[in-house]
Every structure is written in C-alpha cells, then in structure tokens.
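Okay, everyone, let me put this one up on the screen. I'll talk through rings, then a sheet, then some helices.

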Amino acid sequence: MGVPALFRWLSRKYPKIISPVVEDEGDAQYGREPQYSDPNPNGELDNLYLDMNGIVHPCSHPEHKPPPETEDEMFLDVFKYTDRVLMMARPRKVLVIAVDGVAPRAKMNQQRARRFRAAQDAKIHDEEMERQIADAEARGEIIEQSIKGKKKWDSNAITPGTPFMDGLAAALRYWVAYKLASDPGWKDLQVIISDATVPGEGEHKLMSFIRSQRSDPSHDPNTKHCIYGLDADLIFLGLATHEPHFRVLREDVFAQGGGSRNLKISDQMNMTAEEKKALDAKDAKKPFLWLHVNVLREYLEVELKVRMGPQWDLERAIDDWVFMCFFVGNDFLPHLPSLSVRDNGIDILVGCWKSIISRVSDYLTCDGKLNLDAVEQLLKALSVKEDDILRRRHENEQRYQHNDKRRKIAQDEEKSLRAQYLSTVSKGKEKAPITADQSMPLMDTSGKLVDGYAQLSNKDIVHNRDIITKANMANADAAAALKKLLNQKSGGSPVKSESQSDAEQSETNKRTASDMESTELSEEDPDEDQVREWEPGYKERYYKIKFDLSTKEEIDKQRKDLVYSYIEGVSWVLLYYYQGCPSWQWYYPYHYAPFAADFTDLRELFGNQGVKFVQGEPFSPYEQLMSVLPAASGHALPEVFRELMSSPDSEIIDFYPENFKIDMNGAKMSWQGIALLPFIDEHRLLTAVRGKYDLLTDAEKERNTNKEAQLFISSKNKNYKKFLHAFEEDQIVSFEAVKTGLAGIVKPVSTYSPDGEMKFPLKEGEMPDVSNAAYLMSWYNFPKTTPGKSMILNGYIPHAKVLTEDDKYALTNRQRNGPRFQNVSDYVNKGPKGKDDYMMYDMRQGGYRSLPYIGSQPGPNRGRGGGFGGRGTYNNRGNRGGYNGRGGYQNQGQHYNNYGNNYNNNYNNFNQNYPNKGYNAGNNHNSGYNDYGSQSYQNKSTYQRYQGQNYNQNYNQGYHQTPNQNYNQNHNQGYNQNYNQGFNQGYNQGYQGQQNQGFNNHNSFGGAYKRSGYDRR
C-alpha cells in the first residue's frame, strides 16, 4: 500500500526506529570474502520475507541508471539485487519470496489507474525521444542505431499472466536451486516461492504465511522476522502481525535524494560506456536501512497510553492506530478530504481517538472487526475540527506559494547579479574606487575599457541595484527606468536634486518590485480548486462538482451511499490486514471520499449484523490483465484478446479509453491526481473474455492458471529424507515447526525427479545447470490456520528497551526533531534480550508459553513438566480451555477465556489435542520463577474461591454478535485480576493438554530454562 510521505513522516517523528544497514565488505588485504554463514553484523534473523515486486521494478526500469537492454539482463540484475539483500539479512530458517499474483478487485482500480497512466507516460517518452534524436541529427550529431527507434520497455508487463512474469518465475526457481546447491550457508534455509500464479498481493501473501505459522502449536513466539519492500504499508503489516521481533528492510531513499537524480532522455542518448559503468557501480553501493517495528511499538506505547483502567491493552491500541492510518491513505480507498500525512493527519486522528476512547469504553477494532459505534464517535470528533483543518491547510498552501515565489524572484535576481558582476570582480589586483562618487569603469575580460559604458558611480549602482537587476531580467518597466537614469547622467534631461532623485527613484523601485510580485502571485491557476474547501458551503460544492449533482435530495442520497461504501471499504481493508481477503469481488465504486461529518447513524445503515462480505473467487490472470491494462499494453496478452481492447466493434471497448481526465483534486504533483477512468463491469468483462478461452493455445492456457506456492530445501535439511521418501510413495506430508522453524503441508511435484537437473533458463549470462539431487522441490500449503488474534503469544521475551526517558518526554511534549531526517542511529537489533536468547528473562504479565511436547508421564491426576526445566506438577481438574494449544488465549484485560470446571469456550475447532503431554502454559507464576513457596498453587481453595464470583459474566467484548465465538457466555468461572499475582489484568492462560486437565498445582514453577527444552520432541 502506497501512502505518500508516510515513511518520511514516521522517521522524523520517531527517529530511533531507523538505523543504517551494516554491510560486511570482507577483507581485501587478506583475501577474505564475506560468507553467508558468517555472523550477521546487523543482528541475527530467523525469517526473511521478500516482496519481490519491490526488487523487480527497480531492476527492470531503474531511475538512476540506463535500463537493461533485454529481459534476461533484468533477471540477472534481479539475481544480483536479491543476493545483496540476502547478505544483509542472512535469515537462518525461512526465506519467503512473494511476487504479486492476481489481486482482489478492490486493488484493481488502483492498478488500472497506474497502468493507464504508465502507458501515457511511455507514449510521451517515446515522442520526446524521437524529437530529441531528430534535433541532434539536425545539428550534425551521430546517433547510434541501437538508440534510434528504441521504445521504452513497457513496465505494465509486470502483471500476473504475462510472458515476462512466467519467465521471472522460472528464473527465480533456478536461482534458488542454484544457491541451495552451491552456498553452504543455505543448507538449513527453507525457501518458499509464491510466484505470480499464486493469487494475492505479495505483501499480503507474506502476512498470510506469518498468521499460518502463528497457528502452529510449536511456533516460537520469539522468532525474529524481517520483510523487504518499498511500500509504506509494510510498516502497518509488521505491526498487524503482533510479532514483536520484526524489522523492515528497504533502500535509503533519503541518501538517494541527496546524490542521485533521474536520468533524462538526453543523458541516455549521449552516455558513454565508462559513464554507464560508473553509474552501475554507484547503484550497487546504494545504502539500505532498517525500520525497527519493536522500537515503533515502544513509541506507540508511550503515545497511545490512556486511562482506561483494566481494559488498557497495547495490542488493541496499536490495531486502532493502524486502522486510523487507513483514513489518511491506502491502495483501496481515497483518503478523507481533511486528512493527509503531510498535514499531520495521523496526529489529528490520534488526538480524536484519545478524546473518545475512554468514553466509549472499548476500542475501535477487535481482531479485524469494526466497532461501528466507536468509529462513528471518532469521526464525529474529527468533524468538529474539519472546517478548521481545511482552512488552515489553504492558508499554509498560500503562505508556501507566496514564499516560494518570493524565493524564486530572489534567486533569479541573484543569478543575474552574479552573471553581470562576478566576471568583473577585481580579485584584489586592480585599484578600486576610493570615494563613493568616483565612477566605476566597465572593462571587458582583457581589461580594456568598454566604449559607451554607463558612467555610474558606486553610489548610483547601490541605489539602483534593483533596477539594474530587473533590467537584466528583461523587465520592460525597470529597463525604461534605467534608460531614464542613464539619460539623466549623460545630460539628456534635467537633473533633479540628489535628495529628490533618490526619494523618487526609491519609490519607483518599490512600486516595480511590488507590481512584479503582485502580478506573479495573482496569476490564475488553470487547475484551481473549484470546490474551495476553505470557504463556507464547500460540502455542497464538493458533491455538486465531483458527482455532477444539483438538488439537495440528490446530494443527500449520494452522501448516504458514499458513507455506506466507505465504511464497507475500511472494514474490508481492516479484515484484509488481519485475517486475509474477505472478498475477492468487492471494490469501492467511487473516485472520491465523503467528509468526516457525513458519517452519522452508522448503526442504522448496517443494522445489528454489521458489515458482511461474500468471499468469492479471484480472477484468472488473463481476466485481471483485461481489467487493468490499456490497449497500448495489449502486446502482453494473447493475441485473441487484443481485438477486445482496440476494435470499435468490441462489446467492452468503453473500458479502454485512450484519453481520460485527471482531477488534481488539490494535489500539487501530477502523479497525485485522480485518473477518472470508467469502472469495470465484471459481468460484461468476464463474458467477453471467457468467450475467447477456446481459442487459446495450450501454453497460453497454462499461463492462465492459478497455482500453489513451492518449497525448496537442500539435501542437508532435516526434513529432506522424510519428504523424499514420502514423495516416492506419492504421499502428502504435514509437518510442524519444532524441528526447522517451518510448519506446513507439502506434496510432490510431478515434473521433479532427483535424478534430473534444472537447466539454466536464460540465454544471457553464464551459470551452470543444477543437479536435482542437491535440492528438493515440492508444492507447499500453509498449515491449518485459525483466525488471527491481536495478541502477543505467550513466551515472548522482550528486547532491550531503546527509548530513554528523554525520548519519551520529547514525544509526549510534542518536541520535534530537525526539519530534515538524519540517519544517525547505531542501534543493532538483537531480538530477545539476554546473553543467550532463552537463558535470561524479563517476564511480561501473562507468563511463558511452554511448548506442547514437554511432559512424558501420562496419568489421570498428574503430568510432569519436562521441557524448559519446568518442574511443576498439577492436578487435572476441569475440562480443557484455551486457544489452539498455545497455553491459553490471552488477551490482556479482555477476559475472553475464564478458568473453571465444565468450561466450554465454543471454540472447539481451534483446540489442539495433545494427549499425555502434560501441557503447561503458565510460567509467569510466582513473580519470575524463583519463589518456590510463597507463590505456589498449593492452596486449592485460592482458585476455587473465585469460581462463583461472576466477575466476568456475559462479558464478550463484542463477540456476542458473532456466531460460534461466545468466549465467555453465561459462565460463572470469573477470573479475578489479582489471582495469585501471575495473572494480572485478566490474562487468559487456558491450560490445555489431555482432557480434564484443570489447573491446580501442588508445586510451584521455577528453575532456569534451557535452550535444549525448546527443541525437544
């Protein structure tokens, strides 16, 4: 999701979230090359996720160097770029490579606008290239034949279903196999390739993968994640995973802005081979940086903290912050007219949120679902400020334009003065005039007097410097004034007294400058905003102009429809971030957003059932291509479809206009304007496209198929023999993360044989074929996934805190950093703190989640904790509670689960059965493992005493509206907040193992946990 200026805004407001990437250059003196297996100077990482479109785009059409000549060269550049990113991150367990597949319909509107505008830009580029070549040849220059007639490569080919994307997938499969076979550092790395044949946007396929791994009972809650990509929404997605050890890796765009510039057409025409080589070398050294999500979480904890009593929950507050950012900008909806990142729209919303959150007594969101009443209150608070926001924005823009024009005038004057006088500066060698009235002779560069020069003294020049400068700037009025002055000096007209002349001339100067400035500032802007949002009545003008309406009844109906669709939209985006795509067919059917004041009576609009979606099915690749590509990019489609895009007789020709309006809508840059393209009618499009399917060749039909991801492992991987043996029997294998840090389901690929080899697929470059015996390729599916929860998994070990008290004070007291971002942090993110990741603990409330394979002694009454040095025993009293075998469904302060006998949480689909394993999830008991007596669970009555207090009866936190999710309905197993000091703020630690394992320890938990306990099976 592209949110303009978001990254810069975040890095300025929260400066410690950014640190530079340290790259190991090796040691040339001793001939040491950096190796993948070497320790990572940036701190170790477990999993790396590559949003490959962020690599493919800069490699295929770079802005700061000449583009590759062929697609094979592009793929080789992708190899080189990806290898550099891998050497920065050096993941030890999992690498996921995700390429954008077929997107949801909601994203296609933006893709369509981008691709239509890209085709227009390419046409303009080609025409300008032809013109400049013709001009150069007219001047007698010789232009190489390789440049003449060359068209700009169509970047619209980077869309699922094109031959380019098919070739990219083959190239990536080869490169991964090559690295697994040749690099010893990759021997334990498991690589998943989700290419363009797998539906979904790249970054959201990555998030679905992370959610699936969190559902696995043996998932390590201290996994260190990193995602690479250029989109700002990766920051939101990192927060939405609720995986606290998370980083974002990206290019340092600030450094690029200071040293590199986009190449012009003339630059590329006249560039020598040496210059190209120098640009390539510079591009290979461009810096990268880390964005530390864990540090951002620290900042947000300080900024979002409000007094909500026992209901305060950082995880849900972070979810609300992410949700509020959707109103400022996202890829699926236009932002609210009164909000933008540059105008501190996020801060404005946070202020509104703080003003209403304690009053509504609940958060805006819960696990990806909206609290409509709270959202309405938030927007109501924003609407109070809306008029003032729009007025101040206009005032700031006017002030900026006024100052900018003044600055440009001053710069032009300075340039003229320099051009006129700098060449005649004496440099201390000539004699300067001694008195002010002494004339200054005008000399040429050889030192000779110039005939007919104006006889002006120093005093004349100083007093008339504005006139002289503006005369040199071809200002006619000022030139006439200067001519009059020269005539006076030469005796052509009566000379007035010195005082009178100075006074009148000074006034002339002032009038001239003022007139000039006034003229420039009053020039009418052809793109002037007719809505005039800073003046009263702007809302009616907005709807009349943007939606072509006239009557009040039409405006009221349009406003209501707009609000309904927009609330559907933010609900869709929220679910998309937290649970996956809720509907493949839904889209926002307008180009503009409503005002904050329009969001009223939401409960009346949606009723008690809230916002509902139909899942549907994704488009096929060709159907998406026909939805988003202009006719100019028809070459990327099979020939049978091109007539539908270009023939006047086509039944869908209206979907492909050659010319379309762009509404700047108050924006300054052309790319920020709104392309007013017609929306696709899905029924008409699919009818026309599917009518051509029988005419496709077999190869074209294969390219139009949605497929699954593939898993690659080396022959040295722990699962290699297990998978290979199963594939020989044509079996499907389900495996957990306890061995290798990856869980999932694999099945054999019919085209893979250990006896074969993978051919190098490119015509350019020299790389060897790879023996299939060195790696294993299989189809890969996620493990069984449960709905994502906004919670930190039990067992989380926090990182060493980064923010100081001074940092917190600066944030809460609105102290801002300097006007420019400076990347000066030397923070190295080492993940969980302690000399050894699993030997030192700074426990949070809620306890440590032990893994399911801990005890080994079954019994009707007792199980013994085995792994992690756990020594406590417990009686099995009461039916199983908790969520997904994780040691409980804890959500701080929300009381989703409660303890007690005969407890049924109606979440049976998510309970994992681990018989006879003595599952112990409560390890935050006894205030940190050391108090073996005073904090133990020896007193059974302590637990039983709270069972009938109805502490949390019928308290469902919004879940009572959702079928089959009544977490705590009509139960009297109330959970006291101060129960035994280990479960403060309502942490829910359902202790789940074999049936009838209620929690009633006879011994306390303690001891030093060891790393070996984690790997025990």
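So, aromatic pairs: there are 47 of them here, where a pair means Phe, Tyr or Trp rings (the six-membered one for Trp) with centres within 6.5 Å. This is a predicted model, so local features need pLDDT of at least 70 and side-chain atom pairs pLDDT 80 or more, while totals for chains, interfaces and linings use all residues. Numbering starts from 1 along each chain as its sequence is written, and side-chain values use heavy atoms, with hydrogens and water left out.

Take Tyr-564 and Phe-606: their centres are 4.5 Å apart with 10° between the planes, so they're stacked (under 30 degrees; over 60 is edge-to-face, the rest tilted). Tyr-564 sits in α20 (552-578) and Phe-606 in α21 (602-606), so that pair ties together parts 42 residues apart in sequence. Helices here are DSSP runs of H or I, at least four residues, and strands are E, at least two, numbered from the N terminus.

Now the sheet. It's open, with 11 strands and mixed pairing, in the order β1-β7-β6-β5-β2-β3-β4-β12-β17-β14-β13; two strands pair if DSSP finds at least two bridges between them. β1 (18-20) and β13 (733-735) are the edges with a single partner strand each, so one side of each has no neighbour in the sheet. Strand-to-strand twist averages 25°. Inside, β3 (91-98) and β4 (190-194) run parallel, joined by 5 bridges, and Leu-95 has Val-191 in β4 as its bridge partner.

What about α11 and α12, how do they pack? α11 (293-304) and α12 (314-326) cross at about 90°, axes 10 Å apart, with axes fitted to C-alpha atoms over the stretch in contact and angles from 0 to 180 degrees between N-to-C directions. That makes them roughly perpendicular, meaning 65 to 115 degrees. Among the residues meeting there are Leu-300 in α11 and Trp-321 in α12, contact being heavy atoms within 4.5 Å.

Last one: α4 (105-138) has 34 residues, so at 1.5 Å a residue it should span 50 Å, and its end C-alpha atoms are 50 Å apart, which agrees. The expected span is 1.5 Å times one less than the number of residues.

Conventions:
Angles under 35 degrees count as roughly parallel, over 145 as roughly antiparallel, 65 to 115 as roughly perpendicular and the rest as oblique.
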